Structures are given as structure tokens and as C-alpha cells.
Amino acid sequence: MFKSIKFNKKIVNSIFCLFLILSFIYACKKTPNAQEEITYIEQLKKDYPDLSYYIDEVAKMDEKERNGLLLMVGIKDKVLSKETIKTLKDNNIMGVILFSYNIENEKQLKQLTSDLRQYVNPNMLISIDQEGGEVNRINFDKLKDISPKNIGDSNSIKYAYNIAYQKSKFLLDLGINMILGPLCDIPNDTNSYIYNRSFSTNADTVSKMAAAVVKAQKDAGIISVLKHFPGHGDTVVNSHNDFPSIDKNTNDLISKEFLPFKKAIEAGAEMVLVSHIKNKYIDDKYPASMSKKYADILEKDLGFNGVVITDDLVMTGNIDRGIDFGINLTSNVYENAKDMFKDIKPDILSCARVLKIILENKLSRT
């Protein structure tokens, strides 16, 4: 009997030793990955010192929280429901986009944006397309009939500034702090499907108007989103239907299509919306909305250090996943699109840039 007890003790001791060894091996395997992230974070802070605080804040977040920073989704409500609140909160989603079906009147819209901040997050990004002319979501906007083309035809920077400033204050009063505009597209001619939505067919005019609008929006306190990079002007296919193509090398694009984007970036635009355009000279596989190569062009060639945001990912019906280096925008409510985002590995730098914009553009400061 005593021998049996000693034998069992030996087994227990052996198991305990094996457990310690395996734990040590597992810890050793985990350490390099943890160390790699620490090293990466420290390098990011050296490369982007102005983002140092935000990088540290993102480093404290888990992957789900980081994912939430890189999502902007549609909601189906006019009156915010418990279901929507739960979906947004459970997934840490920090951005929503509003459409005409979310809007009934001024009182209702103010209540909706107020409820989003009260019940989901006080610092939410609430965005809208309110270009004027052909694209309007708010039918009680007194400036809704003034299109970008009307502004461009005026050839007046002062007029462009004043209209954009008034519209920005109008949106901010409704609780909206992010506008998907201005357009920086340069249509080739009057036959372009985007002609009436653009300032002009002249690159210099588009550049001046876009820069004036961004300055006005920045002065008013609303976030600007330049669109549709790398430029829809030379495309024939409408990206709501399929992937348009524009096969020009970077040097050609810099000399024309990129000019309004560059001027508007210099004016202080915080975000750039990348479209579903394909270009074999830049990426022969993915459209701009899904390709990091376009984000790199924005940073290296146009000096942009803000946030990249995709065009609506459900537009063409041919995109089934999200990106991990900028904001994913989808008009689908999250519950209908969550499979698109399940494999995202959120980029710390992108998250830090989004967090910076969120914290620096709190609605309360206006």
C-alpha cells in the first residue's frame, strides 16, 4: 500500500513538472508576438509622433474594439430601437451613415442623433451624403437645390465657402458631424454620369472649389471626406453597377485627377473616400476601395496623413469582405453585413488616426 502511494506521488510530481515545462514553452512562443507588437507600436510612435497618445490608447484595446473603430454602417431606424443600440454597442461600432429613410423631419432627426450619442457612444461619427442638387438625404435643407455644379459655375471661392459653411452649421445643429464631401472628381465632358455632381470639367476650378469647401467645413467644425479617389471623371461605368476602370499610371493621375484631392488635403481634409475603381497600373487585382496601394499613394504622393474610408461596400454587389487599414463604410445594417468584417485584422495606425479624429471632433466643442 505504501509503495502504491509513493508511485502516485511520483506520477503527480511528473505531471506537475510536465505542466510547468509546457507552460514555459507556451509562454516562450507567445513572447515574441507580444514583443513584436510592442516593437511595432514604439516604431509607429517614432514615425508618427503626433499620433503617439492615440497609438497608446489603441494598444490598450482588444481586437473587437479596434474593429469597431474601422466600421461605419447603416441603420434602419427613424426612432432608435433597442435592437440597433445592442448591435452597435456589442460590436463597439463608432460610426453610422444616415440615409433619407432615416429622416422624417428636423425634430425626429435631432432626436435620432441625440439618442445615438446617449445610448451608444457620445463620440459617435454620424455621417451623411448631402451634396446638394442630385444627391440629398434631407429634404428640409434650404440649400439642397444648390449643386456642386452651381457652385463651380459661379467661379467664386467666396460663394463656395459661404454655402459650405452654412450647410455645415445646419448639419451640426442636427447632430451630424461628418459630411461625405466635397467631390473632387473631374468629369471628362457633359456626358459623364457624374457631371452634375461635380464642380466643373476644369481641374483648376474643381481644385479651388474643393479647397474652399474643405476650409469652410473645417472652420464650421464638421469632418470632411473627399471623394471619389482616385477620381471618377474619366470613367464610363457607374460604380453603383460594376467596377469602373481607369488605366493611367500615377504620373498621369498626378497631373490631373489627383490635383483637386491634393489641394483639398492641403486645406485640411480629414478623410478620403476611395472608390470601387480598378486600375491595372496600380493594382491589377483589387479596386481602390480594397487596395492598400491607393492608401500608400495618398500618403506618399499627396501628403495625406488622415483616414481612408471605403465607398459603400454593397454598391456593386461584388465585394464580400472588408479592409483592415481604414474605415469600412456599408449602407447595410451591421447584422446583415457582419460576415464581411469577421476576418478583419485592424491596423493600429488606422485605428489611431480614426480615434484622433473622433476625439478632436466631439460635437460638444461646437
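Predicted model: local features only at pLDDT ≥ 70, side-chain atom pairs only at ≥ 80, totals over all residues.
Residues are numbered from 1 along each chain as its sequence is written, and side-chain values use heavy atoms, with hydrogens and water left out.

Let me start with the open space. The largest pocket has a volume of about 330 Å³, and of the 21 residues that line it, E270, N305, G306, K356 and I357 are the closest to its centre. On a 1 Å grid over the protein atoms alone, a pocket is an open set of points with protein on both sides within 12 Å along at least five of seven lines, a cavity is a set of points where a 1.4 Å probe fits but cannot get out, and lining residues have an atom within 4 Å of a point. Grid points are joined across faces, edges and corners, and a volume is the space filled by probe spheres set on the points. By class, the lining of the largest pocket has eight nonpolar, five polar and eight charged residues, where Ala, Val, Leu, Ile, Met, Phe, Trp, Tyr, Cys and Pro count as nonpolar, Asp, Glu, Lys and Arg as charged, and the others, Gly among them, as polar.

Which helix gives the largest share of that lining? Helix α13, residues 348–360, does, with four residues; helices (H or I, at least four residues) and strands (E, at least two) are DSSP runs, numbered from the N terminus. The 13 residues of α13 should span 18 Å at 1.5 Å a residue, and its end C-alpha atoms are 18 Å apart, which agrees; the expected span is 1.5 Å times one less than the number of residues. In α13, 10 of the 13 residues are buried, including C351, R353 and I357; buried means under 20% relative accessible area, exposed over 50%, and partly exposed in between, with a 1.4 Å probe and protein chains only.

The largest cavity, of about 200 Å³, is lined by 17 residues, with Q130, E131, K167, V213 and Q217 nearest its centre. Two or more lining residues come from each of α6 (148–154), α7 (157–173) and α8 (203–220), and α7 gives the most, with four. The second largest cavity holds about 80 Å³ of space, and V73, G74 and Y334 are among the residues that line it.

S331 is buried, because its relative accessible area is 18%. The side chains of S331 and D312 are joined by a polar contact of 2.7 Å, meaning a pair of N or O atoms within 3.5 Å, where within protein one must be able to donate a hydrogen and the other to accept it, and residues adjacent in sequence count only if both atoms are side-chain atoms. Leaving aside neighbours within four places in sequence, S331 is in contact (heavy atoms within 4.5 Å) with G74, F99, Y101, D312 and V314.

Finally, Y281 lies in the loop between β6 and α11, and Y281 is exposed, because its relative accessible area is 52%. Y281 and K248 are 33 residues apart in sequence and 6.6 Å apart in space, C-alpha to C-alpha.
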